[in-house]
Amino acid sequence: MYHIRTYTDTEECRQLWETLWPDDCFFDLWQVRSCFNQAFNRPLHFQVFEENNVPKGMIALCWIKEQESYGHFPGETWKGETWLEQNKIISCHPDMSLALINSLPGPVHLRYLTHDSFFQTRGVVHQDEIGYLFLPKKYEYSFHQYLAEFSGKTRKKMNAEMSKLERQPVTIRHNRLSDVDLLFKMNIQAFGKDSYFSDQRFLTAFEKLVSYMVSNGMIRITTILIGGKTAAVDMGAVYKKNYTILAGGTSPEFKGIAKLINFHHINWACTQKMKQVDFLCGNFNWKERFHLTPRPLYALKLNNSFLRQNLSAKVKEIKICA
């Protein structure tokens with residue numbers, strides 16, 4: 001017997017997440033997402049497809065009041081859009097996915113869905129943004145082999161920019177926890193109200209996230225000083241040989257510093273034989289210029305008129321995967 005049940009209790013949702021959700025990357029961790037949910041305080045709404053009371057599929061949602069719609073758990077938003085990536089519709093069959101969607105009592109807007117979610121909801125999900133990865137194995141874990149992919153003219157230009165920065169002593173340090181506050185400050189100074197960290201909820205979530213990463217040995221803080229001045233600070237997470245660049249701040253005083261710190265991430269990932277460096281989504285031309293590998297993510301946005309249509313298969317007709 002198949003049915004769809006709604007769960008709103010935090011502990012029950014945590015158990016469902018840890019039972020059904022893959023554990024492949026940093027964003028898959030309940031504790032990571034919980035940092036944001038605690039800061040934004042969105043009511044949980046997990047739609048779960050069950051066979052004989054055994055969970056088989058799920059859409060993990062939160063109710064976002066100001067949007068009057070459901071968003072993906074943990075429901076963090078900035079300027080009306082969510083930020084965390086690698087969201088999913090947990091399902092083994094397209095009809096199960098549509099049954100879950102059609103069971104929602106209100107509109108839904110899910111962003112940054114993975115490619116498997118696209119196949120489970122073909123015709124409903126559309127491309128959202130493109131994430132960018134650096135894949136060290138593609139270059140046999142050689143930073144020099146990676147650089148060789150650039151044209152001679154480009155390499156000459158990059159070397160000139162780096163040489164200007166290196167006219168003063170360059171120091172790179174790692175994992176000084178106090179540098180996180182510098183990162184927040186520099187990011188706000190650079191972007192003002194457009195900085196994520198200008199929202200106290202987002203800042204609180206990141207502070208919780210930093211504590212979690214420190215406690216579990218996941219954090220990697222990279223700080224570049226030029227002539228003794230802080231030029232750039234980046235914060236990333238290392239999990240299962242995946243290196244995710246989460247946030248950063250740079251000083252406008254040092255032109256080309258972002259390029260220098262990104263090359264440092266790539267070089268380090270090669271030496272450590274990382275599976276990938278995830279530079280996340282963002283419409284920044286430098287990601288293409290750095291020859292990063294694009295990874296499309298997808299979005300699902302439906303209003304009540306869709307939800308009233310009988311587009312999903314009847315639950316009893318779905319053939320459950322083993």
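This is a predicted model: local features need pLDDT of at least 70, side-chain atom pairs count only at pLDDT 80 or more; totals for chains, interfaces and linings use all residues.
Two packed helices are described by the angle between their axes and the distance between the axes. Helix 6 spans residues 152-165, and helix 9 spans residues 257-271. Their axes lie 10 Å apart, at an angle of about 105 degrees. Angles of 65 to 115 degrees count as roughly perpendicular, so helix 6 and helix 9 are roughly perpendicular to each other. Helix 6 contributes Met158, Glu161, Met162 and Leu165 to the contact. These residues meet Ile257, Lys259, Leu260 and Phe263 of helix 9. Six residues of this contact are nonpolar, two are charged and none is polar.

The largest nonpolar core holds 34 residues. Phe26, Phe36, Trp83, Phe206, Leu209, Met213 and Leu246 touch the most other members. Two or more residues come from each of helix 2 (30-40), helix 7 (179-191), helix 8 (200-215), strand 8 (219-226), strand 9 (229-239) and strand 10 (242-250). Helix 8 gives the most, with eight residues. Beyond its neighbours within four places in sequence, Met213 contacts Phe26, Met218, Ile219, Met235, Gly236, Ala237 and Leu246. A second, separate core has 20 residues, including Tyr146, Ile266, Val277 and Phe290.

The structure contains zero disulfides. For Cys25, the nearest cysteine sulfur belongs to Cys281 and is 12 Å away. Cys25 counts as buried because its relative accessibility is 15%, and buried means under 20%. The sulfur of Cys62 lies 8.4 Å from that of Cys13, its closest cysteine sulfur, which is too far for a bond. Cys62 also counts as buried, at 0% relative accessibility.

How values were computed: Residues are numbered from 1 along each chain as its sequence is written. Side-chain values use heavy atoms; hydrogens and water are left out. Axes are lines fitted to C-alpha atoms, for helices over the stretch in contact, and angles run from 0 to 180 degrees between N-to-C directions. Helices (H or I, at least four residues) and strands (E, at least two) are DSSP runs, numbered from the N terminus. Angles under 35 degrees count as roughly parallel, over 145 as roughly antiparallel, 65 to 115 as roughly perpendicular and the rest as oblique. Contact means heavy atoms within 4.5 Å. Ala, Val, Leu, Ile, Met, Phe, Trp, Tyr, Cys and Pro count as nonpolar, Asp, Glu, Lys and Arg as charged, and the others, Gly among them, as polar. A nonpolar core is a set of buried Ala, Val, Leu, Ile, Met, Phe, Trp, Tyr and Cys residues joined through side-chain atoms within 4.5 Å. Buried means under 20% relative accessible area, exposed over 50%, partly exposed in between (1.4 Å probe, protein chains only). A disulfide is a pair of cysteine sulfur atoms within 2.5 Å.
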